[in-house]
Amino acid sequence: MPIIYLSPSTQENNLYVTGGTEEEWMNRLADAMVPYLSASGIRYVRNTPDMTALSSIRASNAGTYDLHLALHSNAAPEGRYGQVRGVLVFYFPGSIQGQEAANLVADNLKTVYPLPNKVRAEPTTSIGEVRRVRAPSVFLELGYHDNPDDAAWVKGNLDAIARSIVLALTEYFSLPFLEPQPPRPAVVDVNWGYLNIRDRPDTASSVLAKAYDGAPLTVLGQWQDWYSVRFDGMVGWASSDFITLV
């Protein structure tokens with residue numbers, strides 16, 4: 001099962017012209033992404049507001065992640081305050097995986113940003129969370145927080161933005177995209193042996209854990225004959241044939 005390092009901005013001094021900070025609104029966006037990530041079977045580890053970009057990079061590099069995803073908003077250069085709009089999706093030049101993920105994210109954001117021609121993916125070597133992380137990296141600049149229209153777009157469309165980003169991630173990881181639903185308690189129901197919790201909805205995929213008869217789990221979503229489930233603190237996929245909702 002894919003796992004990402006989710007890194008919303010820790011820049012608490014970058015003020016939104018309409019109120020709040022970059023740190024606050026990017027963390028709210030990360031909060032909005034969590035139900036979509038869980039429903040679609042994407043695991044994540046997330047930084048915390050008391051961290052910095054440097055400590056986020058260290059934490060990302062200390063683990064084994066399939067993607068490093070940084071959430072930020074932008075600011076116009078001096079002399080153009082409030083006059084610039086657009087969404088930038090950065091990746092490291094030469095990173096095939098990073099470029100693929102960035103292009104998918106950009107394409108999906110074009111469907112929710114009011115000026116789709118101003119959404120683009122491009123390479124950079126100047127951003128630490130792109131240049132210095134080991135995992136393929138995507139660094140989002142979601143509009144300009146000094147522009148009233150962009151700031152209002154972020155604040156008024158957190159769910160739509162979160163949904164579009166996770167939809168891109170499911171395309172990147174070749175997973176089905178599932179809409180979040182209320183978690184449902186369930187139990188494993190097998191006549192013998194155990195139920196395999198897998199990293200993808202495929203009987204040939206890797207087994208993450210084994211759940212024995214009667215074991216409690218939580219159903220997060222359904223795709224065909226598979227449930228995305230939370231079991232023993234992890235998210236995975238399991239055959240719906242051997243699960244009973246309670």
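These legends accompany several close-up views of a predicted model.

The model is predicted, so local features are described only at pLDDT of at least 70 and side-chain atom pairs only at pLDDT 80 or more, while totals for chains, interfaces and linings use all residues. Residues are numbered from 1 along each chain as its sequence is written, and side-chain values use heavy atoms, with hydrogens and water left out.

**View 1**
The protein chain has 6 helices and 13 strands; helices (H or I, at least four residues) and strands (E, at least two) are DSSP runs, numbered from the N terminus. Along the principal axes, the C-alpha atoms fill a box of roughly 70 × 35 × 35 Å. Buried residues make up 52% of the 246, where buried means under 20% relative accessible area, exposed over 50%, and partly exposed in between (1.4 Å probe, protein chains only). Among contacts between residues at least 6 apart in sequence, 73% join residues at least 24 apart; a contact means heavy atoms within 4.5 Å.

**View 2. Met33 sits in the largest nonpolar core.**
This core has 50 residues; a nonpolar core is a set of buried Ala, Val, Leu, Ile, Met, Phe, Trp, Tyr and Cys residues joined through side-chain atoms within 4.5 Å. Met33, Leu69, Leu71, Leu109 and Leu140 have the most contacts inside it. Leaving out residues up to four places away in sequence, Met33 touches Leu6, Leu69, Leu71, Ala162, Ile165, Val166 and Leu169. A second, separate core has 15 residues, including Ala186, Ala209, Val219 and Tyr227.

**View 3. Leu169 is a buried residue of helix H6.**
Helix H6 spans residues 158–173 and holds Leu169. How accessible is Leu169? Its relative accessible area is 0%, so Leu169 is buried. Beyond its neighbours within four places in sequence, Leu169 contacts Ile4, Met33, Leu37, Ile42, Leu67 and Leu69. For a sense of distance, Leu169 and Pro77 are 92 residues apart in sequence and 31 Å apart in space, C-alpha to C-alpha.

**View 4. Tyr5 lies in strand E1.**
With a relative accessible area of 2%, Tyr5 is buried. Which residues does Tyr5 touch, not counting those up to four places away in sequence? They are Val45, Arg46, Asn47, Met51, Ser56, Ala59, Ser60, Tyr65, Leu67, His68 and Leu69. Gly214 is 209 residues from Tyr5 in sequence, and their C-alpha atoms are 33 Å apart in space.

**View 5. Helix H2 has buried residues under the cover of other elements.**
Look within residues 53–62 for helix H2, where Ser55, Ser56, Ile57 and Ser60 are buried. The cover over the buried residues of H2 includes strand E1 (3–8), strand E3 (67–74) and helix H4 (128–131).

**View 6. Phe92 occupies the loop between strand E4 and helix H3.**
Phe92 is partly exposed, at 32% relative accessible area. Apart from residues up to four places away in sequence, Phe92 touches Thr124, Thr125, Val130 and Arg131. From Phe92 to Glu78 there are 14 residues in sequence and 26 Å in space, C-alpha to C-alpha.

**View 7. Gln224 and Asp232 both have a positive phi.**
Gln224 is not a glycine, yet its phi is about 50°. This residue lies in the loop between strand E10 (216–223) and strand E11 (226–231), and Gln224 is exposed at 56% relative accessible area. Asp232, also not a glycine, has a phi of about 55°. Asp232 is found in the loop between E11 and strand E12 (234–239), and its relative accessibility of 69% counts as exposed.

**View 8. Gly233 also belongs to the loop between E11 and E12.**
Is Gly233 buried or exposed? Gly233 has a relative accessible area of 76%, so this glycine is exposed. The C-alpha atoms of Gly233 and Leu217 are separated by 9.4 Å, with the two residues 16 apart along the chain.
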